[in-house]
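The sequence and structure are shown first.

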Amino acid sequence: MAFVALKRAAARREVIANPLAGENNRKKPPQLPKNMKSRLKGLPVHLALAILFTVAALFRLPAADAPDASAAKPAIFVCGDSTARNSAIGKNGQPMVGWGTPIAEFFDPAKVTVKNVGHAGKSSFTYYTGDWPRVLPQINAGDFVLLVFGINDGTTPPGLGDETVMKNGQPVHTYGWYMAQMATDAQSKGAHVYLLTVTTRDIWSNPKVKFADATPLGPLPDGYDPKQDTIERGTGGGRFTQWTKDLGQKLHLPVLDLTNLCADKYEAMGREAVSQLYSDHNHTYMAGAELVASSIVSGLKAFPDSPFIPLLSDKGQAVQAADPKYVSENPAPAK
C-alpha cells in the first residue's frame, strides 16, 4: 500500500512540475530498488512512506543537481575585420582565412569557447554601430574580448578624442572613441578586454626598389639587397598602432603590439616567403592565418600571470611566449 502511494505521489509531483507534459513526454517516477517493497513490509504506513520519499529524493538528486559545465566555461570573443574572419577566395583560387579561425585550435575546447565575431570590411565605427549591439549581449562575466581594428578606419575621424564630425547628417566619433566604448561596454559586463594593434600588411619598401605591395616594379637593380626590405608597420603610417597603445594607457587596458610582433617575424622571413602567405596586402591564406594566430597566442602568453595559459590546448602550450617587449599591462595606479 505504501509503495502504491509513493508512485501516485511521484506522478502528482511530475504533473505539477510540468503541467504541459503529455503522456509521451512525461518523466517516469524514480526507479526504486526491486526489493524495497519486501523490506518495508510490516512497517507502519507513515514510516514506510517517509522512508520511500527519502530514497526517491536521493535517487533524483544527481540528475536535478548536476552542475552545468558549459555555464562556467568562459568564451574568447574575436572582434575584428576580415583579417580576423574571412570566407572569400584568394587570387590563387584558395580560400582566404582570418586568424580568428585557426586560433581556436590553440585553446582547449573543454576549458574555453572561441567565438569569432569578426566581420569583413568593418571599421571601428561600422562595427560599433552594426555588429556590437548583437555581440555585447553575448558577453558574460569572466569572458575575454580581443579587440582589433584599424585596417578599414581610413575614413574614421582620427585620434582618441571626444570630438565628432557630421556625416550624412549624423555625428561620427573618432577611432579611439569607438574602441573605448566597446572596451568599457565589455568591461561593464565583467569581461577581460585585450587591445591588439592592427595586423601587419604585406606592403614593403626598399631604398633601391619600388614595390607594388610586395611585387617589384620592374627588374631588380644591381646592388639590390633583400635584407634592406622593410615591411609596413601599421596603417596610417603607424598612427593606428600608436593610438591603440595610447588608448591602452588611457584606459589601463592590456595591449599586444601585434603590428611589430608580426613585422619583426616577417622581415626575418623575407619578403618573398611572406608574400606566399597573402592573397593581397591585407588578406591571408590558411598558412598566413596560422602564423598570425600563433603570434597572437605567443603574445597573450607573454603577459605576466597570463590568464590564457591555463586555457591552452597542447598546440597552444607548445607555442613559445613572445618577448615581453611586445606587451603592455598598463595597470591602474595604486590607490
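## Strands S1 and S3

Phe 77 has Val 145 in S3 as its bridge partner. The model in which this pair is found is a predicted one. S1 and S3 run parallel and are joined by four bridges.

On its other pairing, strand S1, residues 75–79, meets S2 in the parallel sense, again over four bridges. Here Ala 75 has Thr 113 in S2 as its bridge partner.

## Order of the sheet

Six strands make up an open sheet of mixed pairing, and their order is S2-S1-S3-S6-S11-S12. The edge positions are taken by strand S2 (113–116) and strand S12 (327–328); each has a single partner strand, so one side of each lacks a neighbour in the sheet.

## Strand S3 and its pairing with S6

Strand S3 covers residues 144–147 and runs parallel to S6, with four bridges between the two. Phe 144 has His 192 in S6 as its bridge partner. Leu 147 lies opposite Leu 195 of S6.

In a regular strand, side chains alternate between the two faces of the sheet. S3 is covered on both faces: Phe 144 and Leu 146 are buried on one side, and Val 145 and Leu 147 are buried on the other.

How many of the five residues of strand S6 are buried? Four of the five are, and the strand, residues 192–196, is mostly covered.

S6 also pairs with strand S11, residues 255–256, in the parallel sense over two bridges. Within this pairing, Leu 196 stands opposite Leu 256 of S11. In the order of the sheet, S6 is placed between S3 and S11.

## Cysteines

The structure contains zero disulfides. A disulfide would require a pair of cysteine sulfur atoms within 2.5 Å.

Are Cys 79 and Cys 262 buried or exposed? Buried means under 20% relative accessible area. Cys 79 has a relative accessibility of 0%, so Cys 79 counts as buried. Cys 262 has a relative accessible area of 1% and is therefore buried as well.

Methods: Residues are numbered from 1 along each chain as its sequence is written. This is a predicted model: local features need pLDDT of at least 70, side-chain atom pairs count only at pLDDT 80 or more; totals for chains, interfaces and linings use all residues. Side-chain values use heavy atoms; hydrogens and water are left out. Buried means under 20% relative accessible area, exposed over 50%, partly exposed in between (1.4 Å probe, protein chains only). Two strands pair if DSSP finds at least two bridges between them.
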